[in-house]
Amino acid sequence: MHGDDPRLVLGLHRSRHHRDILTAALDLGVTALDTAAPYLGFRSHAVLAETAADLLPKFTLSTKVGFFPGAGGAEHSLDPVRLRLAVERAARELGREPDTVLLHNPEHSLTGLSPADGHALLGNACTALADAARDGLCRAWGVASWDPRPLGVIRVEDLPSPDVLMVRAGFLVGIDLLDATTVLRTAWQAGETRGMSPFGGGHRKVWEGFDPRPFLRPPHDGWSRFQAAFRTAFHLPTASAVAVGTDDPGHLAQLVRALGAEVDTAAVSQYLRALHGLRQS
């Protein structure tokens, strides 16, 4: 049994939700779990409760709302009434209140709107989640964005400040997205930044051609490329935790071990300057 480490979050985006990965996570000290209403064909919450009701209280649990079953498979909505009902349903299906509820990819409904219309729509959605937290349906609320750029054109300074901002992290995130995250979390005064998808959805060939181990302080011959990519993702952008999906306990164990690696922040800064230089050239 390892000591708990909240920096690694077990994400269930592509997970089969089997009990064995949850028990392995707890044995490894991974006690943060992230899911969403539409995962596993909108069955994630119910399946977790069916297969691991006794384990869920041992996790700090975050989920996301914003996608709903539709004729084409899923539709996105920032309607505050639908969001409130989704939060209530999540707690009911899970058999417990989530610790954090995140607004799921709000850019889906904001893209193409004027700044004024986007401001009103996002403001009402954020107020709905803030109210849910105030009413005890969750402990905290936040925003999970795959592309924060549409949010950056909205004046968020006078909207409720999220407790958590969850964004893509790692070497496969472009400099435009990294800069947009910096601007957004500064303007919004988000309480905590979490990263997600540090491997870009499992693009293994990327890591066969790119070795991120020089971004770790030496000696780094004991680390794999995946471990180095994961550990460095905590600095691209700066994040307190990173969510990663896996159904393989061995892979999860390697990532837990990677938390002990030390990142060369000077190398990361040089990398970011190079990306800015390429964009300006």
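**View 1. Overall fold of the predicted chain.** Buried residues account for 52% of the 281 residues in the chain, which is shown here as a predicted model. The chain is built from 12 helices and 10 strands, and because its radius of gyration of 19 Å is close to the 19 Å that the globule rule gives for 281 residues, it is as compact as a globular protein of that length. Along the principal axes, the C-alpha trace spans about 55 × 50 × 35 Å.

**View 2. Surface and charge of the chain.** The accessible surface comes to about 12600 Å², and carbon and sulfur atoms contribute 52% of that area. The chain carries 28 positive and 31 negative charges, whose mean positions lie 4 Å apart.

**View 3. The largest nonpolar core and a second, separate one.** The largest nonpolar core comprises 47 residues, of which L8, L10, L22, L33 and F230 touch the most other members. Two or more residues are given to this core by each of β1 (8-11), α1 (19-27), α3 (44-52), α8 (175-188), α10 (225-232), β10 (241-245), α11 (249-258) and α12 (265-280). In soluble globular proteins, nonpolar side chains tend to be buried together.

**View 4. Surroundings of L8.** L8 is one of the residues that touch the most other members of the largest nonpolar core. When neighbours within four places in sequence are left aside, the contacts of L8 are V30, A32, F230, V242, V244, L252, L255, V256 and L259.

**View 5. Helix α1 and its cover.** The buried residues of α1 are I21, L22, A24, A25 and L26, and the elements that cover them include β1, β2 (32-34), α3 and α11. One of these buried residues, L22, is also among the members of the largest nonpolar core that touch the most others. Just after the helix, G29 adopts a positive phi of about 85°.

**View 6. A36 in the loop between β2 and α2.** A36 is placed in the loop that joins β2 to α2 (39-42), and it counts as buried because its relative accessibility is 0%. Leaving aside neighbours within four places in sequence, A36 is in contact with S44, H45, T63, K64 and H104. The C-alpha atoms of A36 and L12 are 8.0 Å apart in space, while the two residues are 24 residues apart in sequence.

Definitions and conventions
Residues are numbered from 1 along each chain as its sequence is written. This is a predicted model: local features need pLDDT of at least 70, side-chain atom pairs count only at pLDDT 80 or more; totals for chains, interfaces and linings use all residues. Side-chain values use heavy atoms; hydrogens and water are left out. A nonpolar core is a set of buried Ala, Val, Leu, Ile, Met, Phe, Trp, Tyr and Cys residues joined through side-chain atoms within 4.5 Å. Buried means under 20% relative accessible area, exposed over 50%, partly exposed in between (1.4 Å probe, protein chains only). Helices (H or I, at least four residues) and strands (E, at least two) are DSSP runs, numbered from the N terminus. Contact means heavy atoms within 4.5 Å. The radius of gyration is taken over C-alpha atoms; the globule rule is 2.2 Å times the number of residues to the power 0.38. Accessible areas come from the Shrake-Rupley method with a 1.4 Å probe; for residues, only the protein chains shown count as cover. Lys and Arg count as positive and Asp and Glu as negative; His and the chain ends are not counted. The place of a charge is taken as NZ of Lys, CZ of Arg, CG of Asp or CD of Glu.
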